[in-house]
Amino acid sequence: MTSAQAKRLILVGPPGAGKGTQAKRLLDQLRVPHISTGDMLREARAKGTELGKKAGELMDRGELVPDEVVIAMVVERISEPDAKTGFMLDGFPRTRPQAEALDTALEKAGLALDAVVLIKADDAVIERRITGRRADAKTGRIYHVEFDPPPPGVEVTHRSDDTAEAVRKRLDKYHRETAPIIPYYRSRGLLREVDGLAAPDEVSARLLEVLGAKA
Ligand code: AP5
């Protein structure tokens, strides 16, 4: 890891932009934990916790989980030992109150964000990407039935919020609630932008470049 490399990062972008795909590809180079609020909520749901049950209903409808729930989850997670030297947040913050709460928590710890990377993708490609997404049931590795098909014999899962109807709602939420946090980070000189429509290898290379890390 070079000293110029950003360590406290946020990956932001519409559903299906490739945040999860890229976070998993970059783990080796960046060597910071990938903290996905979507994955944490799906885990709580799979365990059948009260929080998981409530969150699951909202997720299936493409609604956001209340700010106070996700803020508490993330503040606790980034204080764990493996996140002391950095983290890659995926799917958080998603609203202005979440962005402000993250700043407050980092300030209290004497820390600051290094970069916010926007992975850009047009609404037109999102529905196809999302409805074709599958994940390896054991490893979580993300596939796509057309663009990156799972090898024969691999057991895959299909997210219950990856329906055309829920995707439209998720996109609407993204434009209304998440996109407005982009100028908030741009005005502080933290924003880096990457074209998420390029091939996955190209997106990874560009991400490493904007983060000051070597490919
Ligand atoms: P979350 O799990 O965060 O979902 P999301 O933000 O909608 O993002 P996705 O995971 O759908 O997309 P991605 O960008 O990671 O795309 P991926 O890499 O998989 O959140 C789910 C729900 O949880 C929310 O709706 C909400 O209810 C709740 N929630 C979570 N966080 C919250 C928060 N902070 N506040 C409130 N509520 C919260 O790629 C998609 C597909 O495209 C894959 O099949 C992949 O193979 C393919 N693909 C990727 N890159 C490429 C490429 N370059 N070329 C071709 N295909 C590609």
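Helices α3 (37–47) and α5 each supply at least two residues of the lining of the second largest pocket. Helices here are DSSP runs of H or I with at least four residues, strands are runs of E with at least two, and both are numbered from the N terminus. This is a predicted model, in which local features need pLDDT of at least 70 and side-chain atom pairs count only at pLDDT 80 or more, while totals for chains, interfaces and linings use all residues. Residues are numbered from 1 along each chain as its sequence is written, and side-chain values use heavy atoms, with hydrogens and water left out.

The second largest pocket has a volume of about 260 Å³. A pocket is found on a 1 Å grid over the protein atoms alone, as an open set of points where a 1.4 Å probe fits, with protein on both sides within 12 Å along at least five of seven lines; lining residues have an atom within 4 Å of a point. Grid points are joined across faces, edges and corners, and the volume is the space filled by probe spheres set on the points. The lining of this pocket is made up of M40, E43, A44, K47, T49, L51, V69, A72, M73, E76, R77 and E80. Helix α5 gives the largest share of the lining, 5 residues. By type, the lining divides into 6 nonpolar, 1 polar and 5 charged residues; Ala, Val, Leu, Ile, Met, Phe, Trp, Tyr, Cys and Pro count as nonpolar, Asp, Glu, Lys and Arg as charged, and the others, Gly among them, as polar.

## Nonpolar cores

The largest nonpolar core has 30 residues, and L89, L113 and Y185 have the most contacts inside it. At least two residues of this core come from each of β1 (8–12), α4 (50–60), α5 (67–77), β3 (87–90), α6 (96–108), β4 (115–120) and α9 (181–186). Apart from this core lies another, of 23 residues, with A17, L26, V203 and A213 among them. A nonpolar core is a set of buried Ala, Val, Leu, Ile, Met, Phe, Trp, Tyr and Cys residues joined through side-chain atoms within 4.5 Å. Buried means under 20% relative accessible area, exposed over 50%, and partly exposed in between, with a 1.4 Å probe and protein chains only.

Residues up to four places away in sequence are not counted when L89 is said to touch L9, I10, L11, I35, V74, I78 and L102. Contact means heavy atoms within 4.5 Å.

D103 is found in helix α6 and is buried, at a relative accessible area of 11%. Not counting residues up to four places away in sequence, D103 touches L113, Y184 and R188. Q98 is also found in helix α6 and counts as buried at 3% relative accessibility. Leaving aside neighbours within four places in sequence, Q98 is in contact with D67, V70, I71, F92 and P93.

The structure holds 1 aromatic pair. The ring centres of Y184 and Y185 are 5.2 Å apart and their planes stand at 65°, so the pair is edge-to-face. Rings of Phe, Tyr and Trp (its six-membered ring) pair if their centres lie within 6.5 Å; planes under 30 degrees apart count as stacked, over 60 as edge-to-face and the rest as tilted. Y184 is buried, with a relative accessible area of 14%, and Y185 is buried at 1%.

## Backbone exceptions

Most residues other than glycine have a negative phi, and most peptide bonds are trans. F92 and P93 are joined by a cis peptide bond, with omega about -5°. P93 has its place in the loop between β3 and α6. R31 is not a glycine, yet has a positive phi of about 50°. This residue, R31, lies in the loop between α2 (27–30) and β2 (34–36) and is exposed, with a relative accessible area of 56%.

Helix α8 (residues 164–178) holds E165, which is exposed at a relative accessible area of 65%. E177 is found in helix α8 too and counts as partly exposed at 32% relative accessibility. Leaving aside neighbours within four places in sequence, E177 is in contact with L64, R94, T95 and R96. E177 and R96 are 81 residues apart in sequence and 7.6 Å apart in space, C-alpha to C-alpha.

T85 lies in the loop between α5 and β3 and counts as exposed at 54% relative accessibility. Leaving aside neighbours within four places in sequence, T85 is in contact with K7, R8 and V32.
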